[in-house]
Amino acid sequence: MDREVNELDFINIVSTIGVVFLHVNNCFWSFSSTERYWATANVIESVFYFAVPLFFMLCGVTLIDYRYKYSTRDYIKKRFIKVFIPYIFWSIIGIIWTHLIFSTNQGVFKISLKEFINLLLSGNGIRYFWFFIPLFMIYISIPFIAFLEQDKKLTVFKIYILFYIVMNA
């Protein structure tokens with residue numbers, strides 16, 4: 001392919017590499033002051049911490065003006081087929097796998113329907129699926145932002161940022 005790599009592609013590539021580093025750096029989460037590797041793991045975790053927030057930003061940048069490419073109905077359909085259905089499918093598989101096969105219950109599925117639904121809706125069915133919940137919130141927000149007039153979007157973004165700071169303070 002003769003296409004030049006643009007800025008968004010570059011950010012996507014760097015973020016992908018960052019996420020790979022974060023996933024293979026699992027030892028960071030089991031702190032041990034006596035292990036020498038933990039200091040290196042801490043550096044890796046700190047250096048590549050930007051990766052997931054960048055993916056969320058890329059999602060916003062690439063989808064915020066979807067209305068110029070396709071309808072809101074198509075936008076929802078694409079997100080549903082490409083992300084929501086696989087999330088539900090693999091979360092169910094992961095919950096069953098974790099709570100039936102790798103549980104201490106010797107093959108007995110001991111999880112209530114309420115716990116099952118909570119794991120599914122919280123993103124905790126599979127350890128690394130936590131990011132789907134904020135991603136779904138971004139997907140839900142984008143059509144509302146897309147319908148704003150271009151000159152009003154900056155004001156809405158400022159309100160979002162202020163709301164984020166207040167909610168996380």
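## Cysteines

Cysteine 59 is buried, with a relative accessible area of 9%. Cysteine 27 is partly exposed, at 27%. Buried means under 20% relative accessible area, exposed means over 50%, and partly exposed lies in between (1.4 Å probe, protein chains only).

How many disulfides does a search of the whole structure find? The search finds zero. A disulfide is a covalent bond between the sulfur atoms of two cysteines. The cut-off used here is a pair of cysteine sulfur atoms within 2.5 Å.

## About the model

This is a predicted model, in which local features need pLDDT of at least 70, side-chain atom pairs count only at pLDDT 80 or more, and totals for chains, interfaces and linings use all residues. Residues are numbered from 1 along each chain as its sequence is written, and side-chain values use heavy atoms, with hydrogens and water left out.

## The largest pocket

Rolling a probe the size of a water molecule over the atoms shows where empty space is left. The search runs on a 1 Å grid over the protein atoms alone. A cavity is a set of points where a 1.4 Å probe fits but cannot get out; a pocket is an open set with protein on both sides within 12 Å along at least five of seven lines. Lining residues have an atom within 4 Å of a point. Grid points are joined across faces, edges and corners, and a volume is the space filled by probe spheres set on the points.

The largest pocket holds about 930 Å³ of space. Its lining has 19 residues. Phe56, Met57, Ile138, Tyr160 and Tyr164 lie nearest the centre. Three helices, α3 (51–63), α6 (132–146) and α7 (150–168), each supply at least two lining residues. Helices here are DSSP runs (H or I, at least four residues), and strands are E runs of at least two, numbered from the N terminus.

Which helix gives the most to this lining? It is α7, with seven residues. By class, the lining of the largest pocket has 16 nonpolar, three polar and no charged residues. Ala, Val, Leu, Ile, Met, Phe, Trp, Tyr, Cys and Pro count as nonpolar, Asp, Glu, Lys and Arg as charged, and the others, Gly among them, as polar.

## The second largest pocket

About 660 Å³ of space lies in the second largest pocket. Of the 19 residues that line this pocket, Leu22, His23, Val52, Trp130 and Phe131 are the closest to its centre.

Here α1 (7–24), α3 and α6 each give at least two residues to the lining. The largest share comes from α3, with four residues. The lining of the second largest pocket counts 15 nonpolar, two polar and two charged residues.

## Aromatic rings

A search of the whole structure finds 16 aromatic pairs. Rings of Phe, Tyr and Trp (its six-membered ring) pair if their centres lie within 6.5 Å; planes under 30 degrees apart count as stacked, over 60 as edge-to-face and the rest as tilted. Phenylalanine 48 and phenylalanine 50 make a tilted pair, with 6.3 Å centre to centre and 35° between the planes. Phenylalanine 48 is buried, at 17% relative accessible area. Phenylalanine 50 is partly exposed, at 29%.

One aromatic cluster takes in Phe80, Phe84, Tyr87, Phe129, Trp130, Phe131, Phe132 and Phe136. Phenylalanine 84 lies in helix α4. Its relative accessibility is 32%, so phenylalanine 84 counts as partly exposed.

## Charges over rings

Lysine 78 lies over the face of tyrosine 70, at 4.5 Å from the ring centre. Arginine 79 lies over the face of tyrosine 139, at 5.3 Å from the ring centre. A charge sits over a ring if NZ of Lys or CZ of Arg is within 6 Å of the ring centre and within 35 degrees of the ring normal.

Is arginine 79 buried or exposed? At 13% relative accessibility, arginine 79 counts as buried. Its place is in helix α4. Arginine 79 and phenylalanine 129 are 50 residues apart along the chain, and their C-alpha atoms are separated by 16 Å.

## Two isoleucines

Isoleucine 17 sits in helix α1. It is partly exposed, at 43% relative accessibility. Its C-alpha atom is 8.7 Å from that of phenylalanine 48, 31 residues apart along the chain.

Isoleucine 111 is in the loop between α4 (72–101) and α5 (113–122). With 14% relative accessibility, isoleucine 111 counts as buried. The C-alpha atoms of isoleucine 111 and histidine 99 are separated by 7.3 Å, and the two residues are twelve apart along the chain.
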